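Hi,

Here is the structure I said I would pass on.

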Amino acid sequence: MQKEIQELKKECAGYLERLKNIKAATNHVTPEEKEQVYRERQKYCKEWRKRKRMATELSDAILEGYPKSKKQFFEEVGIETDEDYKVTLPDP
């Protein structure tokens with residue numbers, strides 16, 4: 001047990017040193033990298049909205065002639081929506 005405690009203390013000390021180094025750094029990301037990440041996020045959110053809108057329009061068109069409810073149609077076909085998993089689109 002004491003040997004294991006010593007190993008854990010060494011591991012903990014290593015993590016504390018790493019944490020100290022991370023906290024000491026003032027700027028981990030350059031403004032260019034930050035801007036690149038924001039642009040990519042915006043692009044992917046825009047694509048998500050576009051695809052969601054297309055899927056909704058397509059399912060609505062199918063449901064116009066479908067005798068059952070939307071929920072029954074989604075279960076029958078196996079469609080899982082963002083709302084099923086409580087996922088929301090991020091704000092732009």
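The largest pocket has a lining of 16 residues, and those nearest its centre are Ala55, Thr56, Phe74, Ile79 and Thr81. Keep in mind that this is a predicted model. The space in that pocket comes to about 350 Å³.

α2 gives the largest share, with 7 residues.

Those two helices also touch each other. On the α2 side the residues are Ser59, Asp60, Ile62 and Leu63, and they meet Lys70, Phe73 and Phe74 of α3. Sorted by class, this contact has 4 nonpolar, 2 charged and 1 polar residues.

As for the geometry, the axes of α2 and α3 come within 11 Å and cross at roughly 110°. An angle of 65 to 115 degrees counts as roughly perpendicular, so that is how α2 lies to α3.

One last thing, from the records: an unreviewed UniProt entry annotates residues 29-85 as the domain "Leucine zipper with capping helix". In the model that span is 74% helix and 0% strand, and its end C-alpha atoms are 32 Å apart.

Cheers

Conventions. Residues are numbered from 1 along each chain as its sequence is written. This is a predicted model: local features need pLDDT of at least 70, side-chain atom pairs count only at pLDDT 80 or more; totals for chains, interfaces and linings use all residues. Side-chain values use heavy atoms; hydrogens and water are left out. UniProt positions are given in the numbering used here, feature names are shortened, and annotations may be inferred rather than shown by experiment. Helices (H or I, at least four residues) and strands (E, at least two) are DSSP runs, numbered from the N terminus. On a 1 Å grid over the protein atoms alone, a cavity is a set of points where a 1.4 Å probe fits but cannot get out, and a pocket is an open set with protein on both sides within 12 Å along at least five of seven lines; lining residues have an atom within 4 Å of a point. Grid points are joined across faces, edges and corners, and a volume is the space filled by probe spheres set on the points. Axes are lines fitted to C-alpha atoms, for helices over the stretch in contact, and angles run from 0 to 180 degrees between N-to-C directions. Angles under 35 degrees count as roughly parallel, over 145 as roughly antiparallel, 65 to 115 as roughly perpendicular and the rest as oblique. Contact means heavy atoms within 4.5 Å. Ala, Val, Leu, Ile, Met, Phe, Trp, Tyr, Cys and Pro count as nonpolar, Asp, Glu, Lys and Arg as charged, and the others, Gly among them, as polar.
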